[in-house]
Amino acid sequence: MTAGAALPMGSCAPGPSPTPVAPEQPAPGAPGTAEPLVRIGLMVGAVSAVISGDAGLSVTDPSGARLAAVSPGESWQAVTAGSGVAVRAPGGGSTGGEIIDVTGSDSGALVRVNGRPYRGMIEILRDRTGLTVVNRLPMETYLLGVVSTEMGRRAPAELEALRAQAVVSRTYALRHLRRWDVQGFDLYATVADQVYGGAERETPEGTDAVMATRGRILTYGGQPIDAFFYSTCGGRTADGTEVFRGADRPYLRSVPDVADDGAVYCSISPRFRWKETWGGDELRAVLRRTLPTVGVSSRDAEEVSDVRVAYRTPSGRVGQLAIGLRRSEVQVDGPNVRQVLRSTTGDILRSSVFTLTATRGGARVTRLVADGAGAGHGVGFCQWGAVGRARVGQSHQQILAAYYPGTVLERLY
């Protein structure tokens with residue numbers, strides 16, 4: 001869920017009276033819970049995929065029957081074939097089936113997909129428009145490719161932030177297993193869930209964070225929490241329902257991200273403060289593209305007479321944006337504000353914490369400036385705030401307690 005992305009909602013009901021985050025609690029559920037396998041959707045609707053391996057590969061059907069062997073350094077191409085898939089050798093010839101599995105010939109050998117290395121097994125299946133490529137591997141191995149991808153390289157003084165991210169990412173993945181089951185996998189490898197970069201994104205410090213927190217998740221009422229996270233809160237996190245209508249959770253509450261001396265923990269983020277500017281023509285062009293997504297005709301955006309903040313949420317985010325158009329004034333609710341008021345390059349607005357200054361020429365807005373703070377939806381775990389907290393000596397338990405008050409840190413396996 002990634003940094004800055006609006007993560008999907010879960011259906012966990014609020015539990016009993018909260019207990020503070022603790023470093024060790026008994027495992028929930030039955031003793032001896034096994035580490036789960038996860039299926040990560042690397043590609044969906046792909047025309048083809050190139051499969052290779054430094055140590056050679058074995059291509060099988062789901063029963064384990066061997067279909068082909070790929071020599072070390074050799075590249076084979078996976079393509080659609082009727083209702084199934086086929087893999088083509090570089091010198092000609094192919095084999096395939098409804099689903100094919102690709103693993104390294106040697107134990108622990110990596111499989112490359114379009115040149116990027118992955119641990120575990122690669123599964124290739126047919127979807128409605130092309131190929132779906134899935135990486136199937138143990139949870140802890142998956143997290144090795146998530147934590148450093150989400151948080152980047154970190155200094156020794158920041159390792160507790162990585163450990164906190166490992167717990168958050170594990171909790172998120174466990175809660176959303178089978179979310180995309182109809183498509184043949186559990187989680188996307190993108191900001192649609194959380195960003196997974198495979199083996200090439202692993203780092204020593206990220207590996208340490210995963211190993212040090214192995215099997216640990218956050219729970220509330222004995223269930224894995226909705227572990228929302230994002231890049232930068234800007235000074236205060238958001239209440240869950242300010243952003244996501246279904247996120248009424250006791251642990252998703254607006255909290256200040258400020259130290260006792262008044263310093264904002266996430267002020268070290270390059271996205272802590274930002275400015276976005278639109279000329280009159282640029283603003284109209286943006287709104288012509290985005291307003292139809294909220295049911296407003298693009299023709300109405302030919303005349304933009306005003307853009308203003310109509311309502312702010314308790315955490316200071318824009319809860320409603322009012323846009324004066326040719327025929328009427330349109331109200332854009334908070335969850336859609338960042339999608340409608342996009343940058344001139346088409347990117348989603350960094351956050352909904354901003355002030356607006358509109359310059360008019362006659363009845364038209366000729367220039368609009370947004371002065372903003374933070375990046376992402378603001379609910380739950382602030383990644384740059386976690387780094388700031390780690391730098392001043394907070395443990396990952398303290399960091400998690402700050403962003404998810406009332407949750408419990410438990411060891412699942």
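Y403 counts as buried in this predicted model, because its relative accessibility is 2%, under the 20% limit that defines the buried class.

**Aromatic pairs and charges over rings**

A search of the whole structure finds 7 aromatic pairs. One of them joins W180 and Y188 in an edge-to-face arrangement, with 5.0 Å from centre to centre and 80 degrees between the planes. W180 is partly exposed at 21% relative accessibility, whereas Y188 counts as buried at 19%. F381 and Y403 also form an edge-to-face pair, with their centres 5.7 Å apart and their planes at 80 degrees. This pair links distant parts of the chain: F381 belongs to strand β23 (residues 381-382) and Y403 to helix α8 (residues 396-403), 22 residues apart. F381 is buried, with a relative accessible area of 0%.

| Charged residue | Ring | Distance from ring centre |
|---|---|---|
| R273 | F272 | 3.8 Å |
| R389 | Y403 | 4.9 Å |

Three strands form an open sheet in the order β17-β22-β21, with antiparallel pairing. β17 (273-279) and β21 (354-361) stand at the edges and have a single partner strand each, so one side of each is left without a neighbour in the sheet. From one strand to the next, the twist averages 15 degrees. Strands β17 and β22 (residues 364-373) run antiparallel and are joined by 7 bridges. Across this pairing, K275 stands opposite D371 in β22.

Helix α5 packs on the sheet, where it touches β17 and β22; the direction of α5 makes about 95 degrees with that of β17. T290 lies in this helix, which covers residues 280-290. At 6% relative accessibility, T290 counts as buried. Leaving aside residues up to four places away in sequence, T290 touches Q339, V340 and R342.

**Helix α2**

The length of helix α2 can be checked against its number of residues. At 1.5 Å a residue, its 17 residues should span 24 Å, and the end C-alpha atoms are 24 Å apart, which agrees. Of these 17 residues, 13 are buried, so α2 is largely enclosed by the rest of the structure.

**Two loop residues with positive phi**

R178 is found in the loop between α2 (159-175) and β13 (187-188). Its phi is near 70 degrees, a positive value in a residue other than glycine. R178 is exposed because its relative accessible area is 56%, over the 50% limit for that class.

N114 likewise has a positive phi, near 50 degrees, and is a residue other than glycine. The loop that holds N114 runs between β9 (111-113) and β10 (116-118). With a relative accessibility of 45%, N114 counts as partly exposed.

Key
Residues are numbered from 1 along each chain as its sequence is written. This is a predicted model: local features need pLDDT of at least 70, side-chain atom pairs count only at pLDDT 80 or more; totals for chains, interfaces and linings use all residues. Side-chain values use heavy atoms; hydrogens and water are left out. Helices (H or I, at least four residues) and strands (E, at least two) are DSSP runs, numbered from the N terminus. Buried means under 20% relative accessible area, exposed over 50%, partly exposed in between (1.4 Å probe, protein chains only). Contact means heavy atoms within 4.5 Å. Rings of Phe, Tyr and Trp (its six-membered ring) pair if their centres lie within 6.5 Å; planes under 30 degrees apart count as stacked, over 60 as edge-to-face and the rest as tilted. A charge sits over a ring if NZ of Lys or CZ of Arg is within 6 Å of the ring centre and within 35 degrees of the ring normal. The expected span of a helix is 1.5 Å times one less than its number of residues. Two strands pair if DSSP finds at least two bridges between them. Axes are lines fitted to C-alpha atoms, for helices over the stretch in contact, and angles run from 0 to 180 degrees between N-to-C directions.
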